[in-house]
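User: I'm new to this one and would like a quick tour. Could you show it to me first?

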Amino acid sequence: MTNTGGGAVLDLAGIVKGFGGGAVLDGIDLTVPRGQFVALVGPSGAGKSTLLRLVNGMHLPDRGTVRTLGADPAGCSRRELRALRARVGFVFQQFGLVGRLSALENVLMGALATLRWPRYGVMTYPRALRERAVEQLDRVGLADKRFQRCDTLSGGQQQRVAVARTLLQSPELILADEPVASLDPAASVLVLDTLKRISAEDGISVVCSLHQIDLALSTADRVVALRSGRIVLDEPAAALSEERLRAVYRKAGARAD
Ligand code: ADP
Ligand code: MG
């Protein structure tokens, strides 16, 4: 795995991907410079999740090349892929937490990508790591909830725990697949603001798929719109009006909320 770095954390060139039927992604070119927060918008089925999965090697492209943090997942050994994934955080719509474990234990699981053996219970983790985990919970505003079971937290709180867990990996890139799709509007704003603030503080690039146009515009540096596996719009959020972005959505036949 060579790390040629450059300015880009992510470089997709000529990506075509299908699952036996037609192309789900059909000629994607996308370069993300270090530190940028990209919102990936588009209707259901546009190919957002597939694109995000290509970035960390969960899918491999049929054609084209992926370079993630200088590495091509298709050319990585299993060990190299593991190392690459440790540098790429992933946040899911459904949080992916273990409900019966505490917030702190869930955050500590973010270290499993780099620790060589599984741990059972907070006290079996090294003290420095425990302190870092509490620090990350503090950054998402949940240090006081660290001993609370995750299944007793609100959806928004759980997603912030998931963000803290990802931060424990010290990722260079965070992929978030509709992280606020199951949250109410207020919680959505809080989760996205938290992700935005912390990624700016740490210089982490983010590619975040979102259904809500207004949230994409208010959060991201750049908005990329997908439709039927193609990029139909790619512009700085500041230069983009909500009206124009909605028009792209309407053309796609999606709900324009
Ligand atoms: P989005 O995240 O924008 O809703 P997806 O990337 O999940 O879109 O899906 C795009 C298309 O690819 C959909 O038609 C979906 O059914 C199809 N698809 C996604 N993953 C798979 C898979 N593993 N096997 C077969 N079809 C898939
Ligand atoms: Mg999806």
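User: How do α5 and α6 lie relative to each other, roughly parallel or roughly perpendicular?

Analyst: This is a predicted model, where local features need pLDDT of at least 70, side-chain atom pairs count only at pLDDT 80 or more, and totals for chains, interfaces and linings use all residues. Residues are numbered from 1 along each chain as its sequence is written, and chains are lettered from A and ligands numbered from 1 in the order in which they are written. The axes (lines fitted to C-alpha atoms, for helices over the stretch in contact, with angles from 0 to 180 degrees between N-to-C directions) of α5 (residues 155-167) and α6 (residues 185-202) come within 9 Å and cross at roughly 15 degrees. Angles under 35 degrees count as roughly parallel, over 145 as roughly antiparallel, 65 to 115 as roughly perpendicular and the rest as oblique, so α5 and α6 are roughly parallel.

User: Which residues of α6 make the contact with α5?

Analyst: Contact here goes by C-beta atoms, placed from the backbone, that lie within 7 Å. On the α5 side, the residues are Gly155, Gly156, Gln159, Arg160, Val163 and Leu167. Their counterparts in α6 are Ala187, Leu190, Val191, Thr194, Leu195 and Ile198.

User: How many helices and strands does the protein chain have?

Analyst: Both kinds are DSSP runs numbered from the N terminus: helices are H or I with at least four residues, strands are E with at least two. Counted that way, the protein chain has eight helices and nine strands.

User: What is the order of the strands in the open sheet of three?

Analyst: Strands pair if DSSP finds at least two bridges between them, and eight bridges join β1 (residues 8-18) to β2. β2 (23-33) and β4 (63-68) each have a single partner strand, so they stand at the edges. The pairing is antiparallel, and the order is β2-β1-β4.

User: Is Leu69 buried or exposed?

Analyst: Leu69 sits in the loop between β4 and α2 (78-86), and has a positive phi of about 50 degrees although it is not a glycine. A residue is buried if 20 or more other C-beta atoms, placed from the backbone, lie within 10 Å of its own, exposed if 12 or fewer, and partly exposed in between. Leu69 has 23 such neighbours, so it counts as buried.

User: And where is Ser170?

Analyst: Ser170 also has a positive phi of about 50 degrees without being a glycine. With 16 C-beta neighbours inside 10 Å, Ser170 counts as partly exposed. Its place is in the loop between α5 and β6 (173-177).

Notes: Two residues are in contact if their C-beta atoms, placed from the backbone, lie within 7 Å.
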